[in-house]
Amino acid sequence: MEKRIHRKIEKVKDPLFIQKFKKLWKIDHTKDNLISESPPVPVRDIFRKFWPYARSYRLWIILSLLCIALQPMVQSATVWLMQVFIDHVLIAGVYTPLYWLILAYLGLTLLRGILFFSGTYLSNWVGENFILHLRSSLFTHLQGLSLSFFEGRKLGDIISRLSTDISSIERLVITGATSAISYIFQLIVFIGMLFYMQWTLALVSLIVVPLFYVVTRFFSRRIKMASRERARREGAIHAISEESFSNIALMQAYNQQDTERERFDLQNRRSFKAKMLKVRLKAAFAPVISLIEVAGTLVVMIAGTWLLASGQITVGTLIAFILLLGKLYSPVRKLSRLLNTIYSASASAERVIEFMEEKPQVMEAPYELNNPAGRIEFENVSFTYPGKSKSILSNVSFSIEPGESTALVGASGAGKSTIVKLLMRFYDPTSGRILLDGHVLKGLKLDSLRKNVAVLFQESLIFDGTVKENIAYGKPGATDEEIVKAAIFADAHRFIQELPNGYDTPVGQKGRNLSGGQQQRLAIARAMIRNASILILDEPTEGLDANSEHRIMDPMKRLMEDMATLIITHNLRSAAVADRILYLENGKVIETGTHEELLMRGGKYAELYKVQQGKVKLLAAGPAKMASIDEKQQQHERSW
Ligand SMILES: Nc1ncnc2c1ncn2[C@@H]1O[C@H](COP(=O)(O)OP(=O)(O)OP(=O)(O)O)[C@@H](O)[C@H]1O
């Protein structure tokens, strides 16, 4: 036995054991760049930031506070009844007041119940309203942020902040604040009662209060750090889930399940560790607080017994005092626990504030441009992505007249999509100007620019709604007649009619119930109904077979007739239909002209065209030849 105890002591003394034990109470600071930490914000500033969202409910908050605050008074009255019962009924042996004592007790209990119900309902109602408005306002704020914000963030993390973190803030601003006020009020009432009953004992009972403060501060700081870590890991879990499941086909096709699972598990385990640290801290906190409470009660009992023995107080007073003391420690304990809750909620608040303080890179301007003809001019436009040093576009100049089309051709990464992003004002040029009908884009209202642009992306963006809703997305409030007209124009009417519910058929998430060509024709109908003056075609035929490509070419050409069109394409057959072709290399325009002019010039465009033509001719010649042509084209693109 002695040996066993000795072994145990040795084990506890072992530095490795001590190290492991210490680690149990520390945050795992392993860094990974998946989700970065949000800047810390003091609790006072957090409260100031979010209070405006609760301000309009202040009357209801006061009412709920009143309900909560009255409860300790009723409680104190019941304790007082107990004192009367012991001293004036039991000890005095007079039983006549018993009847009204019972009635008063029942009445007070009923009143407490009503106050509890009203207080709970009201505070929750206010809290949920707060979440509702804060969440909507954050959503609206995020919608207004520039593309650069979203390109630098994980979607899952954004969703996590919008859902989980927002709810936590309520615990701080509404429940936290109202509870704190009600606990403080309870403290004042109970302390007042204690002093009224017996001031010497009351003074003795307050000896332990500073201890509560010190212990709470120690724990709450650590709980906040663990909460921060937990919230960050939860964001990472959302981000990985979103990434994995939105690319499920790719993940399964490349058998990447294990890699994704490992990535997910890593974050999941770290979230678990952070949560367990929080649990350990909270679980250790409760008994420490109880210990302080017991110490306080014991001190009071010793002092009380002495006062009783010296005849300074009655038995009833001592019992009532100890009962009331139990009630005094309850709000003290709750206040300490609340501090922990507030600190852990502030970790979520920091994550939300980080987003709220984010400003759009692209600033709104006042000028409203109505029905522009669509003349686009790029004047010496250069651009570098925010936070990067490499210049992506250098002195790009070109113009497109209404009804004219320009194709952007060049190797991957040459800067074609960046030109479109600048034209849509997702970013502003670092230098140079872009003009629409002679007006600098920076001076135009964003809405007045974008409502005049119709876009057809590489992957047609179809929403999980009906066919009709997807077409009307281009023009909210479009009539059925306009929708059908647009569908006929886009050569989509016939296949839509053959769908089970025609225009009311749901297209499924990301348009899964439709083929690629059908989706693209729906997107053309959407672009057509928009009645815009600028059209952007970003690889509109990419991924379509020859038949589908052929079917969308006619409606696309019809669409281009009256608009200023910018086409991004790798497919030179699509580029050939444009009035002018711009050849981009490393963000510079190196060749300009029509398809024929560029072929005549015999430059890089002509070279690529030859490679692509050869590929078409050799399609029938078998895979080996095709592979050699593919290699040639890749070499050509690499040389750009
Ligand atoms: N949000 C971004 N932040 C930083 N760099 C970016 C961003 N978007 C694109 N880039 C960089 O800018 C360069 C040009 O990209 P861009 O998408 O404009 O090329 P592209 O010619 O359209 O290519 P592709 O034909 O492959 O679509 C690339 O080097 C790319 O890595």
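This report walks through a predicted model of a protein with a ligand, from overall confidence to single residues.

## Model and confidence

Residues are numbered from 1 along each chain as its sequence is written. Because this is a predicted model, local features need pLDDT of at least 70 and side-chain atom pairs count only at pLDDT 80 or more, while totals for chains, interfaces and linings use all residues.

The pLDDT is the predictor's confidence in each residue, from 0 to 100. Its mean over the protein is 83, and 88% of the residues reach 70 or more. Over residues 618-630 the pLDDT is below 50, and this stretch has eight contacts in the model beyond near neighbours in sequence; two residues are in contact if their C-beta atoms, placed from the backbone, lie within 7 Å. Residues 636-640 also stay under 50, with ten contacts beyond four places in sequence. For the complex, the predictor gives an ipTM of 0.96 and a pTM of 0.69.

## Overall build

The protein has 23 helices and ten strands. Helices (H or I, at least four residues) and strands (E, at least two) are DSSP runs, numbered from the N terminus. Of the 640 residues, 33% count as buried. A residue is buried if 20 or more other C-beta atoms lie within 10 Å of its own, exposed if 12 or fewer, and partly exposed in between, with C-beta atoms placed from the backbone. Among contacts between residues at least 6 apart in sequence, 80% join residues at least 24 apart.

## Around the ligand

Which residues surround the ligand? They are Glu-151, Tyr-385, Lys-388, Ile-392, Gly-410, Ser-412, Gly-413, Ala-414, Gly-415, Lys-416, Ser-417 and Thr-418. Here a residue is near a molecule if its C-beta atom, placed from the backbone, lies within 6 Å of it.

Helix α13 (residues 416-423) supplies the largest share of this shell, three residues. By class, the shell has three nonpolar, six polar and three charged residues. In this scheme Ala, Val, Leu, Ile, Met, Phe, Trp, Tyr, Cys and Pro count as nonpolar, Asp, Glu, Lys and Arg as charged, and the others, Gly among them, as polar.

## Two nonpolar cores

A nonpolar core is a set of buried Ala, Val, Leu, Ile, Met, Phe, Trp, Tyr and Cys residues joined through C-beta atoms within 7 Å. The largest one has 67 residues, of which Leu-408, Ile-471, Ile-524, Ala-525, Leu-535 and Ile-581 touch the most other members. Helix α18 (residues 516-529) gives the most to this core, seven residues. A second, separate core of 56 residues includes Phe-190, Ala-202, Val-204 and Val-300.

Beyond its neighbours within four places in sequence, Ile-524 is in contact with Leu-456, Ala-490, Ile-552, Pro-555, Met-556 and Leu-559.

## Strands and sheets

Is strand β8 (residues 564-568) mostly covered or uncovered? Five of its five residues are buried, so β8 counts as mostly covered. Ala-564, Leu-566 and Ile-568 lie on one side, and Thr-565 and Ile-567 on the other. Two strands pair if DSSP finds at least two bridges between them. Strand β3 (residues 405-410) pairs with β8 in the parallel sense over four bridges, and Ser-405 stands opposite Thr-565. Strand β7 (residues 534-538) also runs parallel to β8, joined by five bridges, with Leu-537 opposite Ile-567.

Elsewhere, an open sheet of four strands has the order β2-β1-β4-β5 with antiparallel pairing. Its edge strands, β2 (391-400) and β5 (439-440), each pair on one side only. Six bridges join β1 (residues 376-384) to β2, and Ile-376 has Ile-400 as its bridge partner. Strands β9 (residues 580-585) and β10 (residues 588-593) form an antiparallel pair over five bridges. They make a hairpin with two residues between them, and Asn-586 in the turn has a positive phi of about 45 degrees.

## Loop residues to look at

Phe-463 lies in the loop between β6 (453-456) and α15 (467-472). Phe-463 counts as exposed because it has 12 C-beta neighbours inside 10 Å. Asp-437, in the loop between β4 (431-436) and β5, has a positive phi near 50 degrees. With 17 C-beta neighbours inside 10 Å, Asp-437 counts as partly exposed.
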